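Let's walk through how two parts of a chain meet, one question at a time. Have a look at the structure first.

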Amino acid sequence: MKIAIMGFGTVGSGVGEILVSQKEEMTKKAGEPIEVKYILDLRDFPDSPFKCFTKNFEDILNDDEVGLVVEAMGGTVPAYDFTKRLLTKGKHVITSNKELVAKHGTELLTIAREKSINYLFEASVGGGIPIIRPLISSLTGSGINSVVGILNGTTNYILTQMIDKGKTFEEALSEAQEKGYSEKDPTNDIEGFDTCRKTAILASLAFGKAIDSEKIPTEGITKVTLEDTMYAEKFSCSVKLIGECRKAENGVFARVCPAFVPYSNLISNVNGVFNGIMVDGDEVGSVMFYGRGAGKLPTASAVVSDVVDAVKHKDTNIRILWTDAPEGYLLDGKDCKYKFYLRLKGDMNGFENAVSIADGEFAVITDEITEAEIEEIAKGHEIIGKMRVIG
Ligand code: HSE
């Protein structure tokens with residue numbers, strides 16, 4: 001199989017590296033050699049061992065020898081147009097691009113199905129963790145009720161470095177960037193958009209209907225304070241950025257937010273660049289997936305596993321499909337009840353189980369309530385911190 005790689009950044013170069021270092025193994029696993037014929041990138045790489053760079057997408061599109069393309073460009077422009085044209089021409093496409101899958105997955109999967117080829121995206125969620133395969137294959141014997149997890153390595157790395165090592169937000173973010181964990185624009189990580197796209201992909205797979213990532217209520221970690229994390233410790237919790245989706249009677253709830261996760265929940269102990277995803281099924285109960293959620297080789301290994309799978313199934317479409325969702329399928333989360341951590345200014349008299357880390361303020365964990373009920377609980381105290389308790 002002759003292939004092309006589009007985008008020679010962190011993930012694309014990792015794919016090239018694995019295909020060279022594991023050449024014999026991959027040939028055995030795929031049943032035939034996998035040869036990189038083109039690498040598309042606008043930049044020059046004079047020191048790369050690869051000598052097959054092009055700046056012209058048409059070279060790849062119009063070469064009938066190229067049967068599979070790895071899209072590691074990120075973003076939707078021009079990745080969407082390129083992917084659509086490649087699939088329409090009958091070339092398999094493997095991607096790590098969560099933004100594209102979340103936004104145009106329904107259409108791209110439909111084209112792949114019609115053409116009996118594959119559009120695969122294991123690397124789009126959880127980096128090196130196998131989570132897409134389990135949802136479309138290993139776990140299909142069970143109805144799925146919820147998928148909850150830490151889906152972004154950068155923010156988990158930042159939170160862990162701030163809490164355990166006392167680093168500042170800026171220091172921790174800059175380390176995550178150096179290690180190749182963060183998005184080109186790290187706003188996507190820290191404001192929760194990356195987690196939101198991954199949550200949409202998982203929800204679409206788990207429940208079979210497309211969830212529009214732009215409609216998922218999303219909050220990142222920029223408002224989390226060190227004081228919040230100190231209170232979390234007092235309540236035997238960690239602070240984590242959580243993406244969750246849950247099946248309900250008439251649709252699905254989804255949300256991305258920083259949350260208190262009790263130490264008793266395994267997700268609470270997922271630290272650094274690691275991701276942890278808990279799938280709850282009717283028959284199977286809880287299943288946990290854990291591993292490196294970002295980084296060059298873990299993510300590239302997930303891409304390469306898809307490349308091998310597509311080569312093994314080059315004349316068949318591996319069934320991955322969700323359909324468009326009816327209006328109102330993504331439910332309004334306002335009525336969902338959670339326990340809330342509230343950090344309040346003022347006198348803690350009258351509050352049960354309140355704790356304080358400084359004069360003039362305290363924190364409580366409420367019973368399960370809706371967000372609208374918070375004001376009543378706070379009883380006129382100024383709210384200076386607030387998070388859901390999840391898990
Ligand atoms: N920026 C992403 C993360 C990369 O930190 O998880 C992997 O999707």
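Q: How many residue pairs are in polar contact across the interface of domain 1 and domain 2?
A: Keep in mind that this is a predicted model. Domain 1 covers 2–128 + 296–312, and domain 2 covers 139–291. Across their interface, the number of residue pairs in polar contact, both at pLDDT 80 or more, is two.

Q: How far apart are the closest N and O atoms of Lys103 and Glu214?
A: Between domain 1 and domain 2 the count is four salt bridges. Lys103 and Glu214 form a salt bridge, which here calls for a nitrogen and a carboxyl oxygen within 4 Å. Their closest N and O atoms make that cut-off, at 3.9 Å.

Q: What area do domain 1 and domain 2 bury between them?
A: The centres of the two domains, taken over C-alpha atoms, are 27 Å apart. Their contact takes 12 residues from domain 1 and 14 residues from domain 2. Of the area they bury between them, 63% is on carbon and sulfur atoms, and the figure itself is about 1,000 Å².

Q: Which residues in domain 1 lose the most area to domain 2?
A: Three residues together make up 48% of what the domain 1 side buries. They are Lys98, Ala102 and Val125.

Technical notes. Residues are numbered from 1 along each chain as its sequence is written. This is a predicted model: local features need pLDDT of at least 70, side-chain atom pairs count only at pLDDT 80 or more; totals for chains, interfaces and linings use all residues. Side-chain values use heavy atoms; hydrogens and water are left out. Domain bounds come from an automatic or database domain assignment. Contact means heavy atoms within 4.5 Å. Buried area is the accessible area (1.4 Å probe) that two parts lose on being put together, summed over both. A salt bridge is a side-chain nitrogen of Lys or Arg within 4 Å of a carboxyl oxygen of Asp or Glu. A polar contact is a pair of N or O atoms within 3.5 Å; within protein, one must be able to donate a hydrogen and the other to accept it, and residues adjacent in sequence count only if both atoms are side-chain atoms.
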